[in-house]
Amino acid sequence: MNISATILLAFGMSMDAFAASIGKGATLHKPKFSEALRTGLIFGAIETLTPLIGWGLGMLASQLVLEWNHWIAFVLLVFLGGRMVIEGFRGNSDEDEEPQHRHGFWLLVTTAIATSLDAMAVGVGLAFLQVNIIATALAIGCATLIMSTLGMMVGRFIGPLLGKRAEILGGIVLIGIGAQILWVHFAG
């Protein structure tokens, strides 16, 4: 795989994380760049590891991974998205509650895992090609770091416009990503 194909793959793999990060940024009260970078680092680190894990699994048992990865991603994303939608519809008005400035570490890790399972499936496929998996995984992780950080900052500007609806919209985006993963699996 040449460098341009690696870069295209890397940014393609980062799009789910970008969309999820917009939703995460929109649900926070004026997230700082440091929070956006923290989110980008978490998403990027996990997106670096998952193709490596997929590559290793591809060497062992690729068919089992490919049969279940879409369902695992779907369930995780629907769970997280559903939780966000429910929280968005809760009875508290925007003025009654303390604005949230930071997402919990484990919430970000879970979201990052859910959005990076496609990268794991790509890693399985890469196990059958002559590629430098370390360089490819690092490229995917760096692209995800950049796109997730940008997504959080985009969400910063969308959040005040949407108010509490931002959390509902973020949840719908996560559910949509999960549905899209299933659609691509069954349509393709």
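The model is predicted, so local features need pLDDT of at least 70 and side-chain atom pairs count only at pLDDT 80 or more, while totals for chains, interfaces and linings use all residues. Residues are numbered from 1 along each chain as its sequence is written, and side-chain values use heavy atoms, with hydrogens and water left out.

**Thr 144**
- Thr 144 is found in helix H5, residues 133–162, where helices are DSSP runs of H or I with at least four residues, numbered from the N terminus.
- Thr 144 counts as buried because its relative accessibility is 0%, and buried means under 20% relative accessible area with a 1.4 Å probe and protein chains only.
- The side chain of Thr 144 reaches the backbone oxygen of Ile 140 at 2.8 Å.
- Leaving out residues up to four places away in sequence, Thr 144 touches Ser 14, Ala 17, Phe 43, Gly 44 and Glu 47, where contact means heavy atoms within 4.5 Å.

**Nonpolar cores**
- The largest nonpolar core has 18 residues, and Ile 42, Phe 43 and Ile 46 are among those with the most contacts inside it; such a core is a set of buried Ala, Val, Leu, Ile, Met, Phe, Trp, Tyr and Cys residues joined through side-chain atoms within 4.5 Å.
- Helices H2 (15–27), H3 (33–89), H4 (105–126) and H6 (165–187) each supply at least two residues of this core, and the largest share, 7 residues, comes from H3.
- Apart from this core lies another, of 9 residues, including Leu 9, Met 13, Leu 126 and Ile 140.

**Helix H6**
- Among the buried residues of H6 are Leu 174, Ile 177 and Ile 181.

Definitions and conventions. Buried means under 20% relative accessible area, exposed over 50%, partly exposed in between (1.4 Å probe, protein chains only). A polar contact is a pair of N or O atoms within 3.5 Å; within protein, one must be able to donate a hydrogen and the other to accept it, and residues adjacent in sequence count only if both atoms are side-chain atoms.
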